[in-house]
Amino acid sequence: MKPEPDFPYYDGEPVEISAMRWLVPLAAVGAATYLLLVQPQVFSEGYWRLGPGLLIAILPLAGLALVTREHWTALFRKVRLKEIGWMFAFALLNYAIAIPLGLISMNFIETAENPGISGMAESGVVEQILFFANSVPQLIGEELITIIPFIAIIYFLTRKIDVGRTSAIIVAWLVTAVWFASIHLPTYNWNILQCLVLIGGARLVLTLAYIKTKNIWVSAGAHIINDWATFSIALFGANRAATGV
């Protein structure tokens with residue numbers, strides 16, 4: 001039987017990233033996160049708005065390539081029908097968890113609206129198309145700024161602190177969910193509980209997709225399916241409210 005694939009880099013396969021060299025891709029993750037949060041003014045007009053989404057994906061990969069050379073592709077595995085099935089399975093699992101969490105949250109905490117979604121409903125068709133197009137590289141980038149730290153944590157725990165692999169995975173899974181939730185705090189008006197419960201909960205499912213398949217295409221695909229479905233439902237609802245149909 002063919003052995004199950006493992007996470008790359010942390011144990012020397014296909015190449016080991018040493019402790020000091022991990023600082024390079026992690027710094028690139030930091031730069032990508034800055035772009036995600038700040039959205040510089042230069043990228044505010046026309047097709048320049050595609051810039052941040054592309055850079056959020058490119059910067060972490062560039063940092064990874066600097067220390068792994070051609071092995072930066074180890075995060076990406078083949079996509080076949082099986083992997084596409086996992087994308088939809090984890091996207092559905094995310095909704096199965098997110099919907100009851102959202103209903104419970106609305107009864108106990110004050111939730112903030114995502115301004116990007118509400119703003120899209122008021123935009124023209126071209127701007128809406130740009131929004132969906134820009135979301136693809138950006139969501140892939142969001143996977144990279146989560147999964148690269150996830151593997152880095154596993155490396156430091158298993159190789160430097162001698163923590164068991166399973167325990168290291170659980171710690172990395174939880175820590176990166178909190179990290180991902182914290183990135184969304186400005187988007188949701190610094191609502192800590194909303195971000196921890198809803199965004200952090202969704203992140204746990206998406207990272208689970210990577211843990212299961214060791215293929216970032218699967219977690220990115222599930223992420224895109226989730227967000228596109230959310231965007232489409234919100235846009236459809238806004239259009240119906242505007243037209244009164």
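**Aromatic contacts and nonpolar cores**

Phe7, Phe150 and Tyr210 come together as one aromatic cluster. The model is a predicted one, in which local features need pLDDT of at least 70 and side-chain atom pairs count only at pLDDT 80 or more, while totals for chains, interfaces and linings use all residues. Residues are numbered from 1 along each chain as its sequence is written, and side-chain values use heavy atoms, with hydrogens and water left out.

For ring pairs, the rings of Phe, Tyr and Trp (its six-membered ring) need centres within 6.5 Å; planes under 30 degrees apart are stacked, over 60 edge-to-face, and the rest tilted. The count by this rule is ten aromatic pairs. One of them is Trp72 with Phe76, edge-to-face at 6.2 Å centre to centre and with 75° between the planes. Trp72 is partly exposed at 32% relative accessible area, whereas Phe76 is buried at 16% (buried is under 20% relative accessible area, exposed over 50%, partly exposed in between, with a 1.4 Å probe and protein chains only). Tyr155 and Phe156 also pair up: their ring centres are 5.3 Å apart and their planes at 80°, so this pair is edge-to-face. Here Tyr155 is buried, at 1% relative accessible area, and Phe156 is partly exposed, at 29%.

Charges turn up over rings too (NZ of Lys or CZ of Arg within 6 Å of the ring centre and within 35 degrees of the ring normal). Lys214 lies over the face of Phe7, 4.8 Å from the ring centre, and the charged end of Arg203 sits over the ring of Phe180, 5.0 Å from its centre.

Next come the nonpolar cores, meaning sets of buried Ala, Val, Leu, Ile, Met, Phe, Trp, Tyr and Cys residues joined through side-chain atoms within 4.5 Å. The largest has 37 residues, of which Leu75, Phe150 and Ile151 touch the most other members. Helices supplying at least two residues each include α5 (125-160) and α7 (192-213) (helices are DSSP runs of H or I, at least four residues, numbered from the N terminus). The largest share, twelve residues, comes from α5. Ile151 touches Pro8, Tyr9, Tyr10, Trp22, Leu75 and Tyr210, not counting residues up to four places away in sequence. Apart from this core lies another, of eight residues, including Leu206 and Val218.

Asn226 belongs to helix α8 and is buried, at 6% relative accessibility. Beyond its neighbours within four places in sequence, Asn226 is in contact (heavy atoms within 4.5 Å) with Ala91, Asn94, Tyr95 and Leu206.
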